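Open the model in your viewer and keep the selection panel at hand. Each stop below says what to select and what is there.

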Amino acid sequence: MEFIAHRGELDLIAQIATAPTESAVVFIGEQGVGRSHLLEAALRESSVQAVLLHANPAEAAWPLSGFSRIFASIDDSRAVEFGGRFTLRSTEPQFMFAAARDLLSLLRGLSLPPLLVLVDDLDRMDAETQTLIGFMAGRLAGTGLRFVATADQLAEDSPLAGFQQREIHRLSIDESVHLAAAEFGLGADPGTLRIVAGQSDGNPLVMMESARALSADQLAGREPLVLPSRPSESLKAVASKKLSDTAEPQRRMLESIALAPLTHVGALTRERPDDLDALEEILYAGLATSHGQYVRLVEPLLRSYLYWDMKPRERRERHAELAGLHEEIDDRLRIWHASFMAPDAELTDDLLLAATRFALEGDIASAVELAERGLLTAVDLESRHALVFRFATALTGQGELDLAERYLLHVRFDPASAALNLRLATERILVEYEKTCLVPTGDVEAAVSLYGDDDPSGAVRLLAQASFAHAGRWDVEEARRGVALAGRFLGEASEDARHAHRETLAMLDAVDGRPDPEPATGRVSAEELQAMSSDSLVAFATTLSYRERYAQARRVCAVVFNRPHGEPLTLERARGLSCTNEMRAGDFHRARLAVEEWLSFPLAVASHRAARALVLAWYHYSRERPDESQAYAEECLEFASSERNPALIARLFTFQGQSALLENRVDDAMRLLLLADASGAHLRNPSLLRHSADLVEASVLSGRAREGETVYRRMLEQRSERPSRWLDLALARSRALLAADEVSPGLFREAVAAFDGTEYSYDRGRTLIAQAGRLAQLGHAEAAEHAASAAAAAFENAGATLWARRFVARAEAPAAPPVSTVLGLLTPDEREVAEMVRKGFRNREIAAELYISLRTVELRLTHIYRKVGARSRSHLASLLN
């Protein structure tokens, strides 16, 4: 299997293999966490000769059996012969150390080429081998050997203590799902895999064993799961060992907690106050964790073992006891425990309702367990589809799209129930859009065709939702088609549905650059904002941002953020909008803060990846991290292609073209901005991409002013139908750029004066840069210097400090040294890397081409930058060119 999650550990092994000095490391971690898989991947990817050995526990009783296998793996007849004849006179420490020194002397005398020795489960080899290898681990210099081993947790007095120790952590939920999806293919339901991944707590072996134990219908999401999952034999051994020293009161307390996804502390200690001591000891030992008045086991794997280790009758009795103890404390947990005592149709309803409450509170693990229990115990599920649907919509709001999709599979409404079926279709379409960023137009039209006449309000809401999504992708034609289709149903639709239609139309007109119909997006009072739903607030803020009312959009987003119980999916949209709003406003201070705020929260949904990658590419560029910025730009291009979103591709090319222009890479800027122009050819609103003035500037600087004039004329035509404040400023800058020398100074003064000093500081800085360049060409040195200083001040005011420093440095820097001088400062190894940077290779490509680790490439680049005074990768390339 090609997929491996432990990329950091793999990079460390590659670094050890290629390092100039020999070393040894042991990766420790629990059984099933992926230790063997890590070494197998390291063997496949090693750039030096490598061997992989697996310990055989059956040989552990034979002294030096492991040692002889290790020496047999060294491709040198002298080493093999020595290993076969090697014996110990005694296992006393002094004799062992003397033998180890002899081994080291022999290896140094062999002058072996670098050899990476990978040993899986080194701690299961015989004690003598561990002692010898452990002694050698810190003294490998000159031997050519690099040891990488795996083991369980090592005691302080372990003979392997001489190894560097690194812990292999469990996988994240997303990594676990990725791994399982690669194993089970398209037939596996992602929601089911997510449940199994959560139950396995990031242990790959346990997850695979649990998934293989499911029936085909369970794996496909068509049948409910029994939770907690039954433990595998390997898990039983690990858990049993972990609990071997647990006293009886603590063990009983652990079993009580294991009977539910969470338990109220008051119920646990209600009848036996002495149990509070046992609970405190469990919490202190780290086996459980408390959240307010509730407690749950830290490890799902431990809970699984404790739950299924109890006899069925004992479990039922304990469930009955806990059901009574939760009476009047937490009705949801009373229902959970009561459902194990006897079948009851009402309990099924109660379980699904309780699951929905947990989901709305964000406790997804508890919600899923109660829902699965409800589905499992339901005698007549058809009459409960509305409850399942309600639960699924709660999951959607929490951003749990795979889980929502899983439960929507169980929902079937009577074909005569048009409103319910249209709601179901709308929810499925929403989930698909959030997962793929693709609007399933065919599904939308099919649902409207089937049910729209019977439920006009539902049809309007669905079409408004689809059109809003199209508008967010800047796909104006499709959005207008949906709005027009909704017009057929507006007359019979409810006021709420018509309001959703008006919201979409307002946002669509803003995206399309149509004149603002006051007072539709005028200032709204605080009371009116508080009365709006969070989704309506996000829609309103989006419209304001496209209308260039950035301060108002910021205010509306703040209302969403300050609400006490916001849905993660809506908050995710608001945070993304907050970033793009500040970027459009040219307020880089606020934009960076908005991005950092966004990054501080866990990602609600793993969708809209292209838009997120573009924001992060801009953020890292503004933080002077060019390599990270380029990596996110490449991600953006990949994701935008899979999302079939040419508008995002155009935005990426615009960002890259603007960056190239400020770095004085005029030819690159021209190429990228022309790509942006072609990718965004379907956009009629020039204030969306905002590349036109930059394209004019690049045309002038590259001697292609005629092409710039064509772009300028197009901007003039666009202004007549789609006027905007930004376009007025861009036209003034472009007019001055294209003007003849004798009139351009006056036009630049007008262009600069068009800014009122409080808006678009970044764009003002761009205009001043162009003015300074033209004045310098005309020989007005003092005026050019004044414009340059004003540009730097404008950039600083906008928070674009990188741009300010880069322009000032460009204006003041002496001529670059010739290439021969630059290369003469570098070592031969550094020259190789520098030349490959000049040719456009990325770090990972350089590592592969030169057979060195990624870390080595990064270190050499750091040294190169310092020696030649390069500020970035692009600056280094320009010095070499």
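Start in the loop between α34 (646-662) and α35 (666-679), where N664 lies. This is a predicted model, so read every value as computed from it. Check the backbone of N664: phi is positive, about 65°, although the residue is not a glycine. Now show the surface. N664 counts as partly exposed because its relative accessibility is 45%, between the 20% and 50% cut-offs.

Select W474 next. Look in the loop between α24 (456-472) and α25 (476-486). W474 is not a glycine either, and its phi is positive at about 60°. Is W474 buried or exposed? W474 has a relative accessible area of 6%, so it counts as buried.

**A cis peptide bond**

Go to the loop between α10 (216-219) and α11 (233-242), and pick P228. The peptide bond from L227 to P228 is cis, with omega near 0°.

**Two crossing helices**

Select helix α8 (residues 190-200) and helix α9 (residues 204-212). Two packed helices are described by the angle between their axes and the distance between the axes. Here the axes come within 9 Å and cross at roughly 135°. The two helices are therefore oblique to each other. The crossing of α8 past α9 is right-handed.

Show the side chains at the contact. From α8, take V196, A197 and S200; from α9, take V206, M207, S210 and A211. What kinds of residue make up the contact of α8 with α9? Five are nonpolar, two are polar and none is charged.

**A covered helix**

Move to helix α12 (residues 248-258). Eight of its eleven residues are buried, which leaves the helix mostly covered. Select the buried ones: Q250, R251, M253, L254, E255, S256, I257 and A258.

**The largest nonpolar core**

Select W618, F655, M715, Y762, F795 and W803 together. In the largest nonpolar core, which has 69 residues, these six touch the most other members. Which helix gives the most to this core? Colour α32 (residues 609-622), which contributes nine residues.

Now centre on Y762. Leave aside its neighbours within four places in sequence. Y762 is then in contact with G586, F588, L662, F795, A798, A800 and W803. Two of these partners, F795 and W803, are already in your selection from the core.

There is also a second, separate core, made of 49 residues. To find it, select M310, A355, A394 and V431, which are among its members.

**A buried loop residue**

Finish with I852. Its place is the loop between α46 (843-850) and α47 (854-868). Is I852 buried or exposed? I852 is buried, with a relative accessible area of 15%. Set aside its neighbours within four places in sequence, and I852 is in contact with T18, A847, V857 and R860.

L424 and I852 are 428 residues apart in sequence. From C-alpha to C-alpha, L424 and I852 are 54 Å apart in space.

Note on methods:
Residues numbered from 1 in each chain as written. Predicted model: local features only at pLDDT ≥ 70, side-chain atom pairs only at ≥ 80, totals over all residues. Heavy atoms only, no water. Buried < 20%, exposed > 50% of the residue type's maximum accessible area, 1.4 Å probe, protein only. Helix = DSSP H or I, 4+ residues; strand = E, 2+ residues; numbered from the N terminus. Core = buried A, V, L, I, M, F, W, Y, C linked by side-chain atoms within 4.5 Å. Contact = heavy atoms within 4.5 Å. Axes fitted to C-alpha atoms, helices over the stretch in contact; angles between N-to-C directions. Parallel < 35°, antiparallel > 145°, perpendicular 65-115°, else oblique. Left-handed = near helix turned anticlockwise from the far one by under 90°. Nonpolar A, V, L, I, M, F, W, Y, C, P; charged D, E, K, R; others polar.
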